[in-house]
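Here is a friendly walk through the model, meant to be read with the structure open beside you. Let us begin with what counts as a contact.

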Amino acid sequence: MKQPKSFEEGMQRLQEVLSALQDETTPLAQSVKLYAEAANLIAYCKKTLDDAQLRIEEIDAELAQKTGENV
Amino acid sequence: MADFINVTTLNRLAKNVLAQCEPLSNIVVCGEISGFTRHYKSGHLYFNLKDEASSVKSVMFRGQTRLLNFEPQNGMQVLAYGHATIYERDGAFQLYVDYMRPFGAGAAQMAFDALYKKLEGEGLFAQERKRPLPSMPHCIGVVTSKTGAAWQDVQNVIGRRWPLVRLLLAPVTVQGLEAEQSIISGIRALDRDERPDVILVTRGGGSKEDLWIFNSERIARAAAACRKPVVSAVGHEIDTTILDYVADLRAPTPSAAAELCVPDRAEFLQKISVLQENIQNNIQNRMQICYNKFMMVGVRQSMLQVQQGLVRRRQALGQAIQNMEGAQSQKVSQAERSLQAAAALAHSLNPYAVLARGYAIASREGEVRAVEELNPGDRITLYGARAEADCTVRSVRKIMQGSGNP
């Protein structure tokens with residue numbers, strides 16, 4: 001099972017899995033597989049939220065100004 | 001010795017005298033603008049500053065006008081920063097203005113209203129221009145003072161609500177003469193940078209004068225020119241700046257802006273647990289349905305088997321009944337037949353039937369006797385069909401076998 005690249009991707013995939021599970025034409029074997037995937041996605045999304053740390057960077061506007069543009 | 005000087009010398013003299021006067025070289029003059037013109041070619045500003053009693057010619061060169069963050073207008077009270085001297089060519093006493101800002105509530109409001117009208121006329125405030133914020137930004141560019149409370153507020157709120165995001169700070173000066181250019185550079189730098197997907201321009205609360213810089217036309221235009229959505233949060237709820245009108249979203253405070261920029265982690269955890277519940281219920285239902293279906297099939301199958309068994313047994317029973325009835329009736333008819341035969345035989349053997357044909361039966365002491373059993377002198381009765389006769393045996397003769405009947 002492939003791990004989502006980002007939280008958004010995880011959430012989006014989770015929604016898709018739910019829709020697929022809600023679709024009655026999905027075979028049972030497939031549903032069970034999807035269920036396992038959903039459990040994995042939920043764990044991933046929760047962990048991502050729980051572990052997230054705010055990252056802060058700085059940009060030198062004056063420098064960017066001088067190198068990027070002539071005003 | 002000449003007793004006159006030429007005009008040029010006079011003017012130079014006056015100028016030199018004035019130059020000795022320290023206060024004139026760096027003054028702030030308060031007055032009302034009148035006779036305002038912007039030279040169509042040079043871009044220099046010419047006007048008079050006046051009060052109730054006097055007026056002074058004033059000029060502001062184009063290079064300096066870049067620093068203006070309002071549109072000077074006739075009737076506007078301003079504070080003009082600069083120096084005063086003689087313009088030698090005309091001998092005119094003039095104020096050379098380096099910087100100007102509206103003075104007093106009336107003037108400030110006038111400047112604000114004028115700029116508002118102008119930018120609104122250009123459609124910069126139009127709702128159609130407003131771009132939606134990304135629902136889950138990866139990086140937020142923040143234009144603010146690195147030492148300000150606003151920056152702390154933004155970090156706190158976002159750290160709590162959505163620490164998944166990255167903050168890219170463009171540290172700027174939000175007060176003083178350099179503030180305008182600094183803020184513009186910050187906005188432009190963040191817009192050019194690949195990383196941020198939304199730009200937040202913010203500063204904490206302050207006096208009306210402190211926040212005035214955010215009414216700058218050039219800042220407004222820099223924000224309007226951004227490719228990325230811009231959120232503004234200047235001062236408190238009640239402070240609305242020109243930047244707020246141009247921004248794609250206006251937040252009342254820095255904290256509120258931070259909240260509006262990111263989703264809420266708690267909300268998402270809630271959302272995830274709802275999803276989880278949904279998925280759980282779903283798979284359980286699914287299993288239940290399958291199990292039920294399986295059970296239904298099983299029940300139907302076993303009912304079918306029972307039914308088939310019943311049919312088979314019913315047939316066997318029917319067959320047995322039929323067989324039994326057949327055997328029964330066969331037996332009965334056989335018995336009937338043998339009875340009839342026996343009856344016929346019995347009938348044919350009835351001795352009394354023979355009597356009808358004239359034969360008689362001899363009986364001694366109530367018992368039928370064969371003639372050879374009789375002895376002479378026996379008293380016998382002869383029974384015929386219609387009469388009987390009491391007789392006495394006189395003699396008994398044996399009849400030779402085969403000698404014929406009497």
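## Ground rules

Two residues are in contact if their C-beta atoms, placed from the backbone, lie within 7 Å. With that rule, and leaving out residues up to four places away in sequence, B:Val143 touches B:Ala170, B:Val172, B:Ile183, B:Gly186, B:Ile187, B:Leu190, B:Ile199, B:Leu200 and B:Val201.

This is a predicted model, in which local features need pLDDT of at least 70 and side-chain atom pairs count only at pLDDT 80 or more, while totals for chains, interfaces and linings use all residues. Residues are numbered from 1 along each chain as its sequence is written, and chains are lettered from A and ligands numbered from 1 in the order in which they are written.

## Chain B at a glance

Chain B holds 12 helices and 14 strands. Both kinds of element are DSSP runs, numbered from the N terminus: helices are H or I with at least four residues, and strands are E with at least two. Of its 406 residues, 26% count as buried. Buried here means that 20 or more other C-beta atoms lie within 10 Å of a residue's own; 12 or fewer makes it exposed, anything in between partly exposed, and the C-beta atoms are placed from the backbone. Among contacts in chain B between residues at least 6 apart in sequence, 62% join residues at least 24 apart.

Helix α1 of chain B (residues 7–20) has 14 residues and reaches 20 Å from its first C-alpha to its last, close to the 20 Å expected at 1.5 Å a residue. That expected span is 1.5 Å times one less than the number of residues. How many residues of α1(B) are buried? The count is 0, so to speak a hardly covered helix.

## The nonpolar cores

A nonpolar core is a set of buried Ala, Val, Leu, Ile, Met, Phe, Trp, Tyr and Cys residues joined through C-beta atoms within 7 Å. The largest one has 67 residues, and those with the most contacts inside it are B:Val142, B:Val143, B:Ile187, B:Leu200, B:Ala223, B:Val231 and B:Leu243. Helix α6 of chain B (residues 179–192) supplies the largest share of this core, 6 residues. At least three core residues come from each of domain 1 (7–104) and domain 2 (134–263) of chain B, with domain bounds taken from an automatic or database domain assignment.

Apart from this core lies another, of 9 residues, among them A:Leu14, A:Leu21, A:Ala38 and A:Cys45.

An open sheet of 6 strands runs in the order β1(A)-β7(B)-β6(B)-β8(B)-β9(B)-β10(B), with parallel pairing; two strands pair if DSSP finds at least two bridges between them. β1 of chain A and β10 (249–250) of chain B stand at the edges, each with a single partner strand, so one side of each is left without a neighbour in the sheet. Strand β1 (residues 55–58) of chain A pairs with β7(B) over 4 bridges, and A:Glu57 has B:Leu168 as its bridge partner there.

Across the whole interface, 32 residues of chain B are in contact with 29 residues of chain A. α11(B) gives the most to the chain B side, with 12 residues. By class, that side has 19 nonpolar, 7 polar and 6 charged residues. Ala, Val, Leu, Ile, Met, Phe, Trp, Tyr, Cys and Pro count as nonpolar, Asp, Glu, Lys and Arg as charged, and the others, Gly among them, as polar.

## The antiparallel sheet and its turn

In chain B, 4 strands form an open antiparallel sheet in the order β12-β11-β13-β14. Here β12 (367–368) and β14 (388–392) are the edge strands, each with a single partner, so one side of each lacks a neighbour in the sheet. β13 (residues 379–383) and β14(B) pair over 5 bridges, and B:Leu382 stands opposite B:Ala389. β11(B) and β13(B) pair over 4 bridges, where B:Ser363 stands opposite B:Thr381.

β11(B) and β12(B) form a hairpin with 2 residues between them. B:Glu365 is exposed, with 9 other C-beta atoms within 10 Å.
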